[in-house]
Amino acid sequence: MFKSLVWNIRGINDPAKRRAVRDLVAENQVQICCLQETKMEVLDLAIVRDIGAGFLDEWVFMAARGASGGVLTCWNSALWKVVDSFVGEFALEVLLEDRVSGEQWSCVNIYGPHDDEGRVTMWEELSNSRARWCGKTEMKTVEESMASLHYAVDAQATLIGEMENVQRYWTWRRRWWTRRRV
């Protein structure tokens, strides 16, 4: 079992946000961290060290396009070894191997589009990428999971799309869309 942190940070250039990530990483001894929407076109070692709190020291990065996007996956290299990585248009994938057990784990960090056409392209990218590391015996389970996830995301997007005229903010919390008061 390992500890991970996944966060849509909405910009990591702010020192206060980096400090918040660093504090969570240190407090929980996070081994793998996935951040979305870094809003950075270039990332350097100083920023990774800043958020890594001495635990996270290697990373793969997908640059932002202008003022949106950007994905960062970083990990503790004493515990995890990179077997392979891939940076696509919407997803950053890292195949990690546990240095003790030898088990491999595929980490896919996604920053997806909001338009229907972009979603189709994203799902095509994810469908093509899963074949890279999955064996034939795992394929059926992965395909079933992808189909379920695709349906759930479409259903949630439809639900949220129908609520656009409501003057409330919606956020993802504990696997459900919930309402925050304005």
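A residue counts as buried when its relative accessible area is under 20%, as exposed when that area is over 50%, and as partly exposed in between. This cut-off is used below for two residues of this predicted model.

**The annotated positions**

The unreviewed UniProt entry places the feature "binding site" at N8 and E37. The two positions are spread over 30 residues of sequence, yet they cluster in space, with a largest C-alpha distance of 5.8 Å. Are these residues buried or exposed? N8 has a relative accessible area of 28%, so N8 is partly exposed. E37 has a relative accessibility of 12% and therefore counts as buried.

| Residue | Location | Relative accessible area |
|---|---|---|
| N8 | strand β1 (residues 4-8) | 28% |
| E37 | loop between β2 (32-36) and α2 (45-52) | 12% |

Which residues do they touch, leaving aside those up to four places away in sequence? N8 touches Q36 and E37. E37 touches N8, I9, R10, G11, G69, G70 and Y111. The side chains of E37 and N8 are also joined by a polar contact of 3.3 Å.

**The sheet**

Strand β1, which holds N8, belongs to an open sheet of 4 strands. The order is β1-β2-β4-β3, and the pairing is mixed. β1 and β3 (58-65) are the edge strands, each pairing on one side only. On average, neighbouring strands of the sheet are turned by 5° against each other, direction ignored.

β3 pairs with β4 (residues 68-75) in the antiparallel sense, over 7 bridges. In this pair, R65 stands opposite S68 in β4. Helix α1 (residues 15-28) packs on the sheet and touches β1 and β2. The direction of α1 makes about 160° with that of β1.

**The nonpolar cores**

The largest nonpolar core has 17 residues. Which of them touch the most other members? They are V21, C33, L43, I51 and L72. At least two residues of this core come from each of α1, β2, α2 and β4. Helix α2 gives the most, with 3 residues.

Not counting residues up to four places away in sequence, L72 touches C33, C34, L35, T38, L43, I51, W59, V60, F61 and N109. A second, separate core has 12 residues, including M62, V71, W75 and Y111. Y111 is also one of the residues that E37 touches.

Key: Residues are numbered from 1 along each chain as its sequence is written. This is a predicted model: local features need pLDDT of at least 70, side-chain atom pairs count only at pLDDT 80 or more; totals for chains, interfaces and linings use all residues. Side-chain values use heavy atoms; hydrogens and water are left out. UniProt positions are given in the numbering used here, feature names are shortened, and annotations may be inferred rather than shown by experiment. Buried means under 20% relative accessible area, exposed over 50%, partly exposed in between (1.4 Å probe, protein chains only). Contact means heavy atoms within 4.5 Å. A polar contact is a pair of N or O atoms within 3.5 Å; within protein, one must be able to donate a hydrogen and the other to accept it, and residues adjacent in sequence count only if both atoms are side-chain atoms. Two strands pair if DSSP finds at least two bridges between them. Axes are lines fitted to C-alpha atoms, for helices over the stretch in contact, and angles run from 0 to 180 degrees between N-to-C directions. A nonpolar core is a set of buried Ala, Val, Leu, Ile, Met, Phe, Trp, Tyr and Cys residues joined through side-chain atoms within 4.5 Å.
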